[in-house]
Amino acid sequence: MRPQAGAPLSRRRFLALSAGGAAALSGCALQVSSGVSGSGETVTVMVNSGDILPEQVQQAKKALGIKIALVKYDITKLIAMLTSGNPPDLVRGVGAVDLPYFAARDVAEELDPYFARSSVLELDDLDPVNDLWRFDGRTQGRGPRYGMAKDFSQDSMFWYNTTAFDKGGVDYPPQTEPVTYEEWLENAKRLVQRKKGQTTVFGGSFNGLTRSTLLATLTASAGGSLFSDDFSRVDFTTPEARKALAWYIDYCKTKVGPSLIQPDPNGWDGPTYQAGRLGMSNAGYWMGGMIYPDKKLAAASRLAPAPVFAGGERISACQGGTGLWMPKKAKNKDAAWRVFEWFFGEEPAKARASGGWGIPSLKSLRPLMPAQEDYQKRVLKVQENELKHFSVVSFTPYTRADAIDALFNQIAPAAMNGQISVDTLAGRLNSAINEQMKRGKEQVG
């Protein structure tokens, strides 16, 4: 599955493996800094804005004696840096989908030796969500560790606004026992509000972090796997995958919530939920960081367990697990690891834990999660119970999630609009996605 030992990873070859080849570059390779100062104490970190704050850069310089040079995350720039042999020292990644892709292409450093000697990031303290950052050459969740989640949520859990439920005369979902997906959709139908043919209040939103991770998780909840045993193919025609696909298309067709054919004007759930225009939001614990500052909204909000399919398994996966990984050709690995320890186990990790923006990925930091107010205690009770039902839903290494999403977004609206059947949609998705994954498998080897 990995390139032959010593084989150069050409830029053309890597670009061919990226999302639909969309990252094609023109002209010469980008000129980038090695991220290593004369003293060897500068670490280049490629992240999104807000992942590491300017004040944290100053904090690291003072506490560690290491300068952090931030580079904005960009897949095109990252590939250019990787293929030129001049990558950042640490790179942002979404563990649930990015890790298999980069580990299979042999560009990520195995971090087990670093973890083994760390007194900050001890293996017994790692939450199981960090298994998203493991890959044994075939299956995610096993084998060496390549990174770590900064925090996480179980992303099929949902928030709901009791004010909307009271207005609609709908019973509140239980706090520790899941509703079925069928019940969730029925509740959304009762909560939606329309005026002159326009939706004024969404009954519920259930779109996942990406459509590919959503459908993989829904299929697992139905008792199956979206991918073949060797992760080289998808099959939407199996009974479990078809059930998942049919449910999601039904959700879109009924227009009870945002979708490709009924976009949220705000672009995502957060502002819409804050404005009282969304009865239920398929966003896990992390959105509490956005809810808690509004005391009225916080008091009216509840967090509920991930739904289940009638007769199916109770699956409560993480579709994100965003964190950092270290490229194999990073120039300053020891200093990068010290930044890694600091980011995941010291002051930045403590600040994230206390803000309610995610569950800490170190179990020892959980006492820092917000629990001062009654509504925070109520949320914590639900979340702590849900942790017992976490499991890794493995993703394919042969393509990127955004590449699958791009194909889904092209093909699925016809089914959402009732122009083709779910069975026809399943066949078209299989054909398009499997052609893409076939190319990925050939290129990985």
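Buried residues make up 58% of the 445 residues in the protein, where buried means under 20% relative accessible area, exposed means over 50%, and partly exposed lies in between (1.4 Å probe, protein chains only). The model is predicted, so local features need pLDDT of at least 70 and side-chain atom pairs count only at pLDDT 80 or more, while totals for chains, interfaces and linings use all residues. Residues are numbered from 1 along each chain as its sequence is written, and side-chain values use heavy atoms, with hydrogens and water left out.

## Overall form

The protein has 18 helices and 14 strands; these are DSSP runs numbered from the N terminus, with helices (H or I) of at least four residues and strands (E) of at least two. Its radius of gyration is 22 Å, close to the 22 Å from the globule rule for 445 residues, so the protein is as compact as a globular protein of that length. The radius is taken over C-alpha atoms, and the rule is 2.2 Å times the number of residues to the power 0.38. The C-alpha trace spans about 65 × 50 × 40 Å along its principal axes.

Contact means heavy atoms within 4.5 Å. Of the contacts between residues at least 6 apart in sequence, 76% join residues at least 24 apart. The protein exposes about 18000 Å², and carbon and sulfur atoms supply 49% of that area. Accessible areas come from the Shrake-Rupley method with a 1.4 Å probe; for residues, only the protein chains shown count as cover.

## Strand E13

Strand E13 covers residues 322–325, and both of its faces are covered. Thr322 and Leu324 are buried on one side, and Gly323 and Trp325 are buried on the other.

Two strands pair if DSSP finds at least two bridges between them. Strand E3 (residues 90–94) runs antiparallel to E13 and is joined to it by four bridges; here Arg92 has Leu324 as its bridge partner. Strand E6 (residues 147–149) also pairs with E13 in the antiparallel sense, over three bridges. In that pairing, Ala149 has Gly323 as its bridge partner.

## Salt bridges

Side chains of opposite charge can pair when their charged atoms come close. A salt bridge is a side-chain nitrogen of Lys or Arg within 4 Å of a carboxyl oxygen of Asp or Glu. By this rule the count is 18 salt bridges.

| Pair | N to O distance |
|---|---|
| Arg352 and Asp151 | 3.8 Å |
| Glu341 and Arg338 | 3.5 Å |
| Glu435 and Arg439 | 3.7 Å |

The side chains of Arg352 and Asp151 meet in a salt bridge. Arg352 lies in helix H14 (residues 347–355) and Asp151 in strand E7 (residues 151–152), so this pair ties together parts that are 201 residues apart in sequence. Arg352 is buried at 15% relative accessible area, and Asp151 is buried at 11%.

Glu341 and Arg338 are three residues apart in helix H13 (residues 333–345), which means that about one helical turn separates them. Glu341 is buried, at 10% relative accessibility, whereas Arg338 is partly exposed at 27%.

Glu435 and Arg439 are four residues apart in helix H18 (residues 422–444), so they too are separated by about one helical turn. Glu435 is partly exposed at 39%, and Arg439 is partly exposed at 41%.
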